[in-house]
Amino acid sequence: MEDDRITILKNGIDVFGKKIEILINGEIIEKISENIDESRFKNNENARIIDIEGKLVMPGVIDVHTHMREPGITYKEDFTTGSRACAKAGITTFYDMPNTIPATTTLENLLEKKKLANEKSIVNFGFHFGGSKNDNVEEIKKVLSSGEANTVKIFMNVTTGEMLIEDDEILKKVFKNSKLVLVHAENEMIDKAIELNKNCGKGLYVCHIPSENELKKVINAKKNNELNTKEHPIYAEVTPHHLFLNTEIRESTERNKMLLRMKPELREKSDNEFLWEAINRGEIDTIGTDHAPHLISEKLEKITFGMPGVETSLALMINAFNEGKISLEMIQKLMCENPAKILKIEKRGKLEEGFFADIIVVDTQKEWIVAVDDTIESKCGWTPYENWELKGKNTLTIVNGEIVYENGKINDIHKGKEIDFSK
């Protein structure tokens, strides 16, 4: 490999507490060791050596679950503002959900969405295709066979537009003709999704599980060798808001009663505790934000479901590490490694030679106040964690070898890439 744009990260620490130094050549991680010899790059104008002074080095976060609102609802968020929020927070790849306007339920709409993201996003991106109540199975076949997507999202509980599927025959066809199916399924619909995966599916990913009762359904299915198999795997996702917020917090102020609303709704403090226990037992596969921004004026006017999440997800988890709730290794597994593995994303999600240089540097000791000590990048302009005092903050984000965020400043000249996945 010829010397192109060289970046060397010196004096880092990985999640296992070991010293780590990384040589990035162009967009690829060329070498990882305890000590990189930078002497051969001293006279190279394209080389930059960064001493990160003992900070934590991780693969960039992969957020499997976002709603970037483009096209059609871009006054709330778009690929520019949403990706800036990601870059600031340490997310180097986001996956966008299909319930936009128009919905991503045709190949044509998917390709248009990709075009917009290619022009605007400063981090990497992927897209979940959408199943429709209007029976778009032929479009699903077309999209999956062409390799334009490898996942399908369906809504089995309340949503808007064409995306709520209640017809059993259409549900069966979607599962039968898809690869991994992501579901918004609550309560008894979780049981139905598990059965559909067993009988017709090739993989089930249960999104944003909020409660002990619902998570137990998924955990029991995951432990059942007849339900969770190599041919029909089952994965469980939880969100930061279901880990850190609850009905007690929501009901504490009139403002919170309006702002802290989403689907599935917040549950009890005991549900928070059960979700944390499940994480530490290894029963959860991913942390997805369900980033679903609305303007604060909309939220305060009437009950509107959805909240922003990408800007705080990693910081909340690092703060939880500082409070002894979770290990750094588990954070990396849930937010980086498992998403790449489950979605079959190629050469991302790990710090490994030959992988794309999607890397973040986190100051685990940095104390700061959300939305007071920093600027909100999301177009919606607010966060449910405003005034929260956290310990731990992302300081450097590298996407495909390019620095897109460093010490509070965003480089939005660089553009991210659509991710590749193995077939």
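This is a predicted model: local features need pLDDT of at least 70, side-chain atom pairs count only at pLDDT 80 or more; totals for chains, interfaces and linings use all residues.
**View 1. Asp-135 sits in the loop between strand 9 (129–130) and helix 3 (137–146).** Most residues other than glycine have a negative phi.

**View 2. Two prolines follow cis peptide bonds, at Glu-70 to Pro-71 and at Lys-263 to Pro-264.** For the bond from Glu-70 to Pro-71, omega comes out near 5°. Look for Pro-71 in the loop that runs between strand 6 (61–66) and helix 1. For the bond that joins Lys-263 and Pro-264, omega is about -10°. Pro-264 has its place in the loop between helix 9 (254–259) and helix 10 (269–280). As background, most peptide bonds are trans.

**View 3. Helix 1 (residues 79–89) packs on helix 2 (residues 107–120).** The angle here is about 55°, and the axes are 9 Å apart. That angle makes helix 1 oblique to helix 2. The crossing of helix 1 past helix 2 is right-handed. On the helix 1 side, Phe-79, Thr-80 and Ser-83 make the contact, and they meet Lys-113, Leu-116, Ala-117 and Lys-120 of helix 2. Sort the residues of this contact by class and you get three nonpolar, two polar and two charged.

**View 4. Helix 3 and helix 4 (residues 168–177) pack side by side at an angle of about 10°.** Their axes lie 10 Å apart. Since angles under 35 degrees count as roughly parallel, helix 3 and helix 4 are therefore roughly parallel to each other. From helix 3 come Val-137, Ile-140, Lys-141 and Leu-144; from helix 4 come Lys-173, Val-174 and Asn-177. The contact of helix 3 with helix 4 has four nonpolar residues, one polar and two charged.

**View 5. Helix 4 also packs against helix 5 (residues 188–199), with an angle of about 50°.** The axes of helix 4 and helix 5 are 9 Å apart. These two helices are therefore oblique to each other, and helix 4 passes helix 5 in a right-handed crossing. Helix 4 brings Asp-168, Leu-171, Lys-172 and Phe-175 to the contact, where they meet Lys-192, Ala-193, Leu-196 and Asn-197 of helix 5. By class, this contact of helix 4 with helix 5 holds four nonpolar, one polar and three charged residues.

**View 6. The second largest pocket holds about 450 Å³ of space.** It is lined by 21 residues, and those closest to its centre are Pro-233, Tyr-235, Lys-341, Ile-342 and Lys-344. Helix 13 (residues 328–342) gives the largest share of the lining, with six residues. Eight residues of the lining of this pocket are nonpolar, six are polar and seven are charged.

**View 7. The largest cavity has about 90 Å³ of space.** The lining of the largest cavity has 14 residues; nearest its centre lie Glu-311, Thr-312, Ile-376, Trp-382 and Thr-383. By class, the lining of the largest cavity comes to six nonpolar, five polar and three charged residues.

Conventions. Residues are numbered from 1 along each chain as its sequence is written. Side-chain values use heavy atoms; hydrogens and water are left out. On a 1 Å grid over the protein atoms alone, a cavity is a set of points where a 1.4 Å probe fits but cannot get out, and a pocket is an open set with protein on both sides within 12 Å along at least five of seven lines; lining residues have an atom within 4 Å of a point. Grid points are joined across faces, edges and corners, and a volume is the space filled by probe spheres set on the points. Helices (H or I, at least four residues) and strands (E, at least two) are DSSP runs, numbered from the N terminus. Ala, Val, Leu, Ile, Met, Phe, Trp, Tyr, Cys and Pro count as nonpolar, Asp, Glu, Lys and Arg as charged, and the others, Gly among them, as polar. Axes are lines fitted to C-alpha atoms, for helices over the stretch in contact, and angles run from 0 to 180 degrees between N-to-C directions. Angles under 35 degrees count as roughly parallel, over 145 as roughly antiparallel, 65 to 115 as roughly perpendicular and the rest as oblique. A crossing is left-handed if the near helix is turned anticlockwise from the far one by less than a right angle, and right-handed if clockwise. Contact means heavy atoms within 4.5 Å.
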